[in-house]
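Okay everyone, thanks for coming.

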Amino acid sequence: MKEKHILTSTLLLVLAIVIHACQTTTEKENNNLSLEEKQKAVGLFQDGCASCHSLTSSEKQIAPAMDEIRKAYWSNSQTEFSSKMTKFILAPSEELSMIKKAVEKYGIMPKIPFKEEDIMLVSKLIHETDFKTLKEEDWLALSKKNNISEDSISYEEKGRKIANGTKATLGKNLMKAIHEGGSVYAVEFCNTKAIALTDSMAGAYKALVKRVSDKPRNPENMATNDELKILNTFKEKLAKGHKNITEVQTQNELVTAYYSIETNQMCLQCHGKPQKDIAPETFTKINKLYPNDKAVGYDEGQVRGMFVVEFEKGQ
């Protein structure tokens, strides 16, 4: 009888240890973000994601809403959830997407030049946010631009915020054009709207913003000799496995930051190989609007150009 009691006690002790271990693992995997982390994550979302992704579903959306995305990627494990989402955002592709119907409807999202740790941070916030019950004003109140001083962020982060905001706005309008009229219509959009949109974002951020390339479609986007040197350095770094490549230079009171633009599946519709990636009617439109076009022949994951952002130090 005594031996039976000892055995029962031992089993209960082992069970308690196992339960505690499981709880500890779950707590580690699902740590809630601090207020400061939430502020930064929402700020990143607003700068790089909000122009395309609404918080909840609507008839006018041009990309999956966050409540749809959260449901599609859901896992009780925050680590697993964040890992799947981060892998897709780092290299958007149909293969990595967890929402195949969205890819068919909206196409592949453009690559956003976020650092991997920033993507992980945003994905963790998405995991712990119930968008169906969330009040949008509470979400926006957490934005870093309302809670964290611009003086506290680095020049590289400030320039990235401007580049991401510009790219998100261009991406939103480009995705809308593709959704409405396919890649042919997207070429027309770029011809008439891209530079104007970039200039408008530069005005909004009170900075100089431009996109440059060694193989431009529009001659106005041709890189200068100094920019070509940086662009070639970016290509070398990408070949060595570097991601989200940047460079920041300062001279007197001026800061100039450079951010690589890399191709993904969506880009290849207009910048890939003719006949293989670019549809004949799209290629015909490109040649009509850009008779001296050089921006074709790319494969996925190549440096196609870069954002150049200039702003004053005290701005």
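Before we start, one term: a polar contact is a pair of N or O atoms within 3.5 Å, and within protein one of them must be able to donate a hydrogen and the other to accept it. Also, keep in mind that this is a predicted model.

So, find lysine 285 for me. You'll see it in helix α12, which covers residues 280–289. Is lysine 285 buried or exposed? It counts as buried, because its relative accessibility is 18% and the cut-off for buried is under 20%. And what does its side chain join up with? Glutamate 188: the two side chains make a polar contact of 2.9 Å. If we skip the neighbours within four places in sequence, lysine 285 is in contact with Val184, Val187 and Glu188.

Next, the largest pocket. Its volume is about 710 Å³. There are 39 residues lining it, and the closest to the centre are Leu174, Cys190, Arg211, His271 and Arg304. Several elements give two or more residues to that lining, among them α9, β1 and β3. Which one gives the most? That's α9, with 15 residues. By type, the lining splits into 21 nonpolar, 10 polar and eight charged residues.

Last stop, helix α2, residues 35–48. With 14 residues at 1.5 Å a residue, α2 should span 20 Å, and its end C-alpha atoms are 20 Å apart, so the two agree. Its buried residues include Val42, Leu44 and Phe45.

Okay, that's my tour. Thanks!

Key. Residues are numbered from 1 along each chain as its sequence is written. This is a predicted model: local features need pLDDT of at least 70, side-chain atom pairs count only at pLDDT 80 or more; totals for chains, interfaces and linings use all residues. Side-chain values use heavy atoms; hydrogens and water are left out. On a 1 Å grid over the protein atoms alone, a cavity is a set of points where a 1.4 Å probe fits but cannot get out, and a pocket is an open set with protein on both sides within 12 Å along at least five of seven lines; lining residues have an atom within 4 Å of a point. Grid points are joined across faces, edges and corners, and a volume is the space filled by probe spheres set on the points. Helices (H or I, at least four residues) and strands (E, at least two) are DSSP runs, numbered from the N terminus. Ala, Val, Leu, Ile, Met, Phe, Trp, Tyr, Cys and Pro count as nonpolar, Asp, Glu, Lys and Arg as charged, and the others, Gly among them, as polar. Buried means under 20% relative accessible area, exposed over 50%, partly exposed in between (1.4 Å probe, protein chains only). Contact means heavy atoms within 4.5 Å. The expected span of a helix is 1.5 Å times one less than its number of residues.
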